[in-house]
Amino acid sequence: MSIISSKSSSLPTPSTSSGLTHSRDAVKDLILRCRTPIERDVVVVLDRLEKDGNVRLYERFLHMIQEEDFNDSQLIVMLEQSIKCVPRLQQHFRGFVEVMTGIDWTKRPPDVIKHYQTFIMDLLIAHQRYTNLVVSRLISYFIPKEDQRDQWKHGIPESNLKIRLQMVHKFIQQLLNVIPMMFQTLFQQISQWFPFYKKPSHVFGGYIYNLLLITEYRPIYQEDILSLIVSKLLELDVSISRHEIEDSEITEDDEQFEELDVKPIDILTANLPEDEMRYPLAESLDVGLNLLFDYVKREIDSFEGDVTKLNKFYNMFSKIFEFELLPTHNSHHVQFIIFYLCSFEPAFVEKFMNILWVHVRDFNLAPALRQAAIGYLCSFLARSRYVPQPLLRSTLSDMCTWVHQYIDRSDCVNNNSIKAHTVFYAVCQAIFYVIAFRSRDLTSDRRGLIFLQSLQLQAIVTSQLNPLRVCLPAIATTFAGVMRAHQLAYCHTILERNARRKLATVYSNGAQAPDECLETFFPFDPYLLKKSGKRMNDLYIQYQAEDFHDSSHDSQHLNHSETSPRGVKREITTNTEEDDFISPYIQSKRIKAQDEHELL
């Protein structure tokens, strides 16, 4: 800083002279800084600032702390002096506090670490205004550096880095023991520091790894932290379309590769490990979900069959599902957390299905939420290998009973639009979907056929609400094939009549009527991620077409190779087998909607 006397400043001087004066003062100030030794005593520097207003000495001292590489003994002396000055560190000394808290203490020996932690502890006890600053410094250690990819394999740090992170977590735990109210600040900082989902996978996964560690020593905050993680994973999940993941996995060895309008695999991704996704965002999602699946298994194993702990853990995830997952449309993978959790305990399966069915029947909920609940229920029934047959049949029976009651009390003559009966049509399609998908299990013996006859499916398909009219074509035709093969109901006449009506329905200007198919979401469609998807192999049912699908109309929908809009055969898999008989229709609609959005 230059000091200009009041006398000289009061005299009128030319602008050029003023500029030269300032330049000379700056040079003198620089020379003075180089020749004058910097005061290293914290007490002296703070005294000089308070008593003499010596800002220059204070600023030089802060600059020295930031730039100079102190040895361990020098840093211990400075920390000891800082501890003595803690009561004086009011707001006007914030700059000093910021510099001292920014010291990287994790690489220092135990003596330095002890002095640093003592200083921080005393500081927060005496001055709560610095809580945000200190917590922010600690949370910054949770974010891996972008050049540390080799030190973070699948979101897990190597041993040396893990030891340093454990020191940070241990210190946070000590602070929470002394200042319990600090968690509110900690959670705010955790939310603010959460890496953007487009960051590299090791950064995104490494941060989740550290947040999960907090829940292990502070289980009281488990639900808040897990809700945050799930919400961030959902943001990532909904930003990725299924066809982007599928296209990224196509290599030069795949057939018809040259027909793709996508770029060849980059050199940097050509030699990736087999379990690593080629699409960067998909790899981040895979790493995050893999960490979360590991966490669920560790927690379940640690309970050692304790029913109380198991129920508490399930209820927490059930609440997260209700508030985070259920309202989210078009997520592809994050919802498999609840799918995986339910596989550990039969009681979880029944509880989960009961929650969904309660939501479906709740007239106080929005139709979209009820429709999402029935989508989860039917997809869960169709895909989960661990759902027992009695529970599958009882749930189908409950759904059919509800549909029959709805038909009996509905004014179907005046209004049979999709909007007026959204939930009804969604439940009907769910029944058709489950029966078509699980037809092998439901028709394997005489008892199963008698059960299907008891559902009175003929009355549902022939009702004036005509649910087959709005079902996805693949579901309707497959269900009709099952019904015809076992003489349970006669649907093809209705399907043909619906097709004729759709062709005959035109507007006055000659345009074709809009598509009347129900908007559909099956949340447990095939899992595409590699690392986390390994857990689904023994839990997940792949679709297998029945032998009775011999007509060209049915086989068109049940063909096991999907043709993409780009003219290349693709596989939708959990491993290497394509199993979903409705994915071509839904996929084409989603791609069409996305293309229209891009044009706008």
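Modeller: Start with burial: a residue is buried under 20% relative accessible area, exposed over 50% and partly exposed in between, using a 1.4 Å probe and protein chains only. By that rule, buried residues make up 50% of the 600 residues in the protein chain. This is a predicted model: local features need pLDDT of at least 70, side-chain atom pairs count only at pLDDT 80 or more, and totals for chains, interfaces and linings use all residues. Residues are numbered from 1 along each chain as its sequence is written, and side-chain values use heavy atoms, with hydrogens and water left out.

Biologist: Why does Lys170 count as exposed?

Modeller: Its relative accessibility is 55%. The cut-off for exposed is over 50%, so Lys170 counts as exposed. Lys170 sits in helix α9. Helices here are DSSP runs of H or I with at least four residues, strands are runs of E with at least two, and both are numbered from the N terminus.

Biologist: What makes α9 oblique to α10?

Modeller: The axes of α9 (residues 159-178) and α10 (residues 182-193) cross at roughly 140° and come within 9 Å. Axes are lines fitted to C-alpha atoms, for helices over the stretch in contact, and angles run from 0 to 180 degrees between N-to-C directions. Under 35 degrees is roughly parallel, over 145 roughly antiparallel, 65 to 115 roughly perpendicular, and the rest oblique. That makes α9 oblique to α10.

Biologist: Which residues make the contact between α9 and α10?

Modeller: Contact means heavy atoms within 4.5 Å. Ile172, Leu175 and Leu176 of α9 meet Met182, Phe183 and Leu186 of α10. By class, this contact has six nonpolar, no polar and no charged residues. Ala, Val, Leu, Ile, Met, Phe, Trp, Tyr, Cys and Pro count as nonpolar, Asp, Glu, Lys and Arg as charged, and the others, Gly among them, as polar.

Biologist: How many residues are in the largest nonpolar core?

Modeller: That core has 182 residues. A nonpolar core is a set of buried Ala, Val, Leu, Ile, Met, Phe, Trp, Tyr and Cys residues joined through side-chain atoms within 4.5 Å. Helix α21 (residues 422-437) gives the most to this core, with 14 residues.

Biologist: Why is this core said to lie between domain 1 and domain 2?

Modeller: Domain 1 (36-126) and domain 2 (394-523) both give residues to this core, so it lies between them. The domain bounds come from an automatic or database domain assignment.
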